[in-house]
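Hi everyone, thanks for making time for this. I'd like to walk you through one structure, so please have a look at it with me.

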Amino acid sequence: MIVRPRPNWLRMLFVWRGSIILRILPQLMVVTAISIIVVIFHGELLHWKVTLTTVPFSLVGVALAIFLGFRNSASYDRYWEARKLWGKLLVDSRGFTRQLISSNVPDALPLARAVAAFVHGTRHHLRRTDATAEMQRLLPPEVWPMLRDRRVPPMQVLAWLAARVASLREQGRIDSVQAVELDRSLGGLNEAFGGCERIAFTPLPFTYSVILHRTVYLYCLMLPFGLLDAIGFMTPLMVAFVAYTFFAIEALSDEIEDPFGVEPNDLPLLALSSGIEASVLELLGERDLPPVVEPVDHLLS
């Protein structure tokens, strides 16, 4: 995630870090170069004058803008829902820890650390990375062997927590009401985890993305022939402006479609999971907290 103070209106025009322009610069340069060639040869292709007007581009441009807006809205809905689910992970992690404290649960610290391990495991599961380091650091030594070679380690952590709550209830260390409240928080963690999996492993229809991608590029490649007779040597400038708008919207939509990735505009899962770990440990009075994840060159990972 890009984290930086909002610059003034003039500086905003020239901001590169945090914008999508670096990603689309190669194709933008290609389209602009083609526009310059079209102007130089005055729209002739193999001694044949390509006669196009602005009318079809006006009609297609309106429809294309609507479809791009829809794609951007669908991608942002996924992004915002993912952020809300990670907010739920924070709330239910704190709720579980608070209930441990209010119920005077013995050995509450290992259970709270296991919740933090579940959150870190969720991050690694969504990003398809290795969670071994965090799991070994936070879980009791007897729990880690249970997670080896498991496809979904966070769910095994959740199952262990549920078993511990049931064991405490059977031993009479907590009553049935306290056990139900603790189990409800675990259910909330499970619900948030399932929601994140639904987003991570269900992309937008690929065919829709292909159609939109092809239409955008064909539109921008043909646009110089439609503008040449109307605006002459200004054609490359206007084509570059239109292409920047369409390419940027498409690239941004593609980037935030998977909000759990590692692109600059994706969610900062490392910062979020470290913040949740620090939050639950601090509730128990711990002083040895994970360091705050700071943005590097305006990029928060």
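Let me start with a term: helices here are DSSP runs of H or I with at least four residues, strands are runs of E with at least two, and both are numbered from the N terminus. With that in hand, take Arg184 and Glu181, which both lie in helix H8, 3 residues apart, about one turn of the helix. I'll come back to that pair in a moment.

First, some housekeeping. This is a predicted model, where local features need pLDDT of at least 70 and side-chain atom pairs count only at pLDDT 80 or more, while totals for chains, interfaces and linings use all residues. Residues are numbered from 1 along each chain as its sequence is written, and side-chain values use heavy atoms, with hydrogens and water left out.

Now the overall picture. The protein chain has 11 helices and 2 strands, and the order along the sequence is α-α-β-β-α-α-α-α-α-α-α-α-α. What is the radius of gyration of the protein chain? It is 26 Å, whereas a compact globule of 301 residues would have one near 19 Å. That radius is taken over C-alpha atoms, and the globule rule is 2.2 Å times the number of residues to the power 0.38. The C-alpha trace spans about 90 × 35 × 30 Å along its principal axes. Ala166 lies in helix H7, residues 153-170.

Next, contacts and surface. Contact means heavy atoms within 4.5 Å. Among contacts between residues at least 6 apart in sequence, 74% join residues at least 24 apart. The accessible surface comes to about 16600 Å², and 63% of that belongs to carbon and sulfur atoms; these areas come from the Shrake-Rupley method with a 1.4 Å probe, and for residues only the protein chains shown count as cover. I'll call a residue buried under 20% relative accessible area, exposed over 50%, and partly exposed in between, again with a 1.4 Å probe and protein chains only. Buried residues make up 42% of the 301 residues.

On to the charged side chains. A salt bridge here is a side-chain nitrogen of Lys or Arg within 4 Å of a carboxyl oxygen of Asp or Glu. How many salt bridges does that rule give? The count comes to 9.

Let me pick out a few. Glu257 forms a salt bridge with Arg71, with the closest N and O atoms 3.0 Å apart. That pair links distant parts of the chain: Glu257 is in the loop between helix H10 (235-256) and helix H11 (269-283), Arg71 is in helix H3 (residues 54-102), and the two are 186 residues apart. Are these two partners buried or exposed? Glu257 counts as buried at 10% relative accessibility, and Arg71 counts as buried at 2%.

Another one joins Arg198 and Glu81, at 2.7 Å from N to O. Arg198 lies in helix H8 (residues 176-200) and Glu81 in helix H3, so this pair ties together parts that are 117 residues apart in sequence. Arg198 is partly exposed, with a relative accessible area of 44%, and Glu81 is partly exposed at 27%.

And here is the pair I promised to return to: the side chains of Arg184 and Glu181 meet in a salt bridge at 3.0 Å, N to O. Arg184 counts as exposed at 54% relative accessibility, while Glu181 is partly exposed at 29%. Elsewhere, salt bridges that share partners join Arg23, Arg71, Asp254, Glu255 and Glu257 into one network.

Then there's Glu250, in helix H10. Glu250 is buried yet has no salt bridge, and the nearest side chain of opposite charge, Arg71, is 5.6 Å away; Lys and Arg count as positive and Asp and Glu as negative, with His and the chain ends not counted. What does Glu250 contact, leaving aside its neighbours within four places in sequence? Leu68, His213 and Tyr217.

Last stop, the backbone. Asn104 is not a glycine, but has a positive phi of about 55°. Asn104 is found in the loop between H3 and helix H4 (108-127), and is exposed at 64%. Arg128 also has a positive phi of about 55° without being a glycine. Arg128 sits in the loop between H4 and helix H5 (132-138), and counts as exposed at 57% relative accessibility.
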